[in-house]
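I opened the model and worked through it by topic. My entries follow.

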Amino acid sequence: MTFTSVLKCHVETPTRAVSGIEVSVGLTQAGEIALGYILRGEVDRLLIPTPRTPCRRDELWRRTCFESFLGVENSSAYLEFNFSPSREWAAYAFRAYRDGEPIESDDLDPQIVVRREAATLELSAVIRLDRLPAIPSDAALRLGLSAVVEEPNGSLSYWALKHPPGKPDFHHPDSFAFELPFPGQKP
């Protein structure tokens with residue numbers, strides 16, 4: 001089963017180069033979360049990192065990248081995943097709001113695939129739940145879906161399923177607005 005959501009640009013970070021971003025989220029039979037981001041707009045007017053050999057790299061959020069935050073209902077702990085069009089990626093584990101550290105394992109292998117055209121940038125990635133800290137099997141998963149988009153002048157626009165009040169903050173609990181049943185649960 002796949003669900004599609006539309007990200008909204010934060011009111012303080014407008015851009016004319018992007019007309020919209022949507023994200024599809026699905027659960028595979030293997031217990032993976034499959035993500036598909038589609039950015040629509042004038043892609044040539046954006047700074048898109050060039051493809052590289054896939055590897056783990058920090059601070060991807062400083063440039064164009066797509067993000068997913070994964071939390072469990074009734075817990076302050078959460079995970080953050082950054083996926084770059086360069087095919088680099090990062091993963092972090094947080095005990096509580098912004099209290100965390102990188103997940104150093106290269107085993108996560110998010111299998112990033114990127115396709116770029118004049119009017120679209122598509123990125124797909126996989127979150128392998130079996131390679132993450134244990135998630136209770138009866139828990140509802142809460143996702144924060146977001147993107148950072150860079151323009152040639154260095155300005156960044158911030159896109160999210162839901163923005164909390166104030167400045168852009170993808171870590172805020174209100175941003176975790178997409179509920180997904182854990183694999184094995186009925187939707």
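**Leu60 and its contacts**

I looked up Leu60 first. Setting aside residues up to four places away in sequence, Leu60 touches Cys65, Asn82, Ser84, Glu88, Trp89 and Ala90; contact means heavy atoms within 4.5 Å. I note that this is a predicted model: local features need pLDDT of at least 70, side-chain atom pairs count only at pLDDT 80 or more, and totals for chains, interfaces and linings use all residues. Residues are numbered from 1 along each chain as its sequence is written, and side-chain values use heavy atoms, with hydrogens and water left out.

Leu60 sits in the loop between β3 (32-41) and β4 (65-72). Strands here are DSSP runs (E, at least two residues) and helices likewise (H or I, at least four), numbered from the N terminus. Is Leu60 buried or exposed? I find Leu60 buried, at a relative accessible area of 8%. The cut-offs are under 20% for buried, over 50% for exposed and partly exposed in between, with a 1.4 Å probe and protein chains only. I also checked Pro85, 25 residues from Leu60 along the chain: their C-alpha atoms are separated by 9.9 Å.

**Cores**

Next I looked up the nonpolar cores. Such a core is a set of buried Ala, Val, Leu, Ile, Met, Phe, Trp, Tyr and Cys residues joined through side-chain atoms within 4.5 Å. The largest has 41 residues, and Ile33, Leu70, Phe83 and Leu145 touch the most other members. Elements giving two or more residues to this core include β2 (18-27), β5 (78-83), β6 (89-96) and β9 (120-128). β10 (140-150) is also on that list. The largest share, 5 residues, comes from β10. A second, separate core of 10 residues includes Leu60, Tyr78, Tyr92 and Phe170.

I then listed the contacts of Leu145. Not counting residues up to four places away in sequence, they include Leu7, Val23, Leu35, Trp159 and Phe178.

**Strand β10**

How many of the 11 residues of β10 are buried? I count 10, so β10 is largely enclosed by the rest of the structure. I then went through its partners; two strands pair if DSSP finds at least two bridges between them.

- β4 runs antiparallel to β10, joined by 8 bridges. Phe69 stands opposite Gly144 there.
- β11 (156-160) pairs with β10 in the antiparallel sense over 5 bridges. Val148 stands opposite Tyr158.
- β12 (178-181) pairs with β10 in the antiparallel sense over 4 bridges. Leu141 has Leu180 as its bridge partner.

β10 and β11 form a hairpin with 5 residues between them. Gly154 in that turn has a positive phi of about 90°.

**Strands β1 to β3**

β1 and β2 are antiparallel over 6 bridges. Thr2 has Gly26 in β2 as its bridge partner. β2 and β3 are antiparallel over 9 bridges. Val23 stands opposite Tyr37 in β3. The β2 and β3 hairpin has 4 residues between the strands, and Gly31 takes a positive phi near 80°.

**Aromatic pairs**

A search of the whole structure gave me 10 aromatic pairs. Rings of Phe, Tyr and Trp (its six-membered ring) pair if their centres lie within 6.5 Å; planes under 30 degrees apart count as stacked, over 60 as edge-to-face and the rest as tilted. Phe3 and Phe178 have ring centres 6.0 Å apart and planes at 70°, so this pair is edge-to-face. Phe3 is in β1 (residues 2-9) and Phe178 in β12, 175 residues apart. Phe3 is partly exposed at 29%, whereas Phe178 is buried at 9%.

Tyr78 and Phe176 are also an edge-to-face pair, 5.4 Å centre to centre with 75° between the planes. Tyr78 lies in β5 and Phe176 in the loop between β11 and β12, so the pair ties together parts 98 residues apart in sequence. Both Tyr78 and Phe176 are buried. One aromatic cluster includes these two along with Phe69, Tyr92, Phe94, Tyr158 and Phe170.

**Cysteines**

Last, I looked for disulfides, which need two cysteine sulfur atoms within 2.5 Å. I found 0. For Cys9, the nearest cysteine sulfur is that of Cys65, 14 Å away. Cys9 is partly exposed, at 24% relative accessible area. Cys55 is partly exposed, at 28%.
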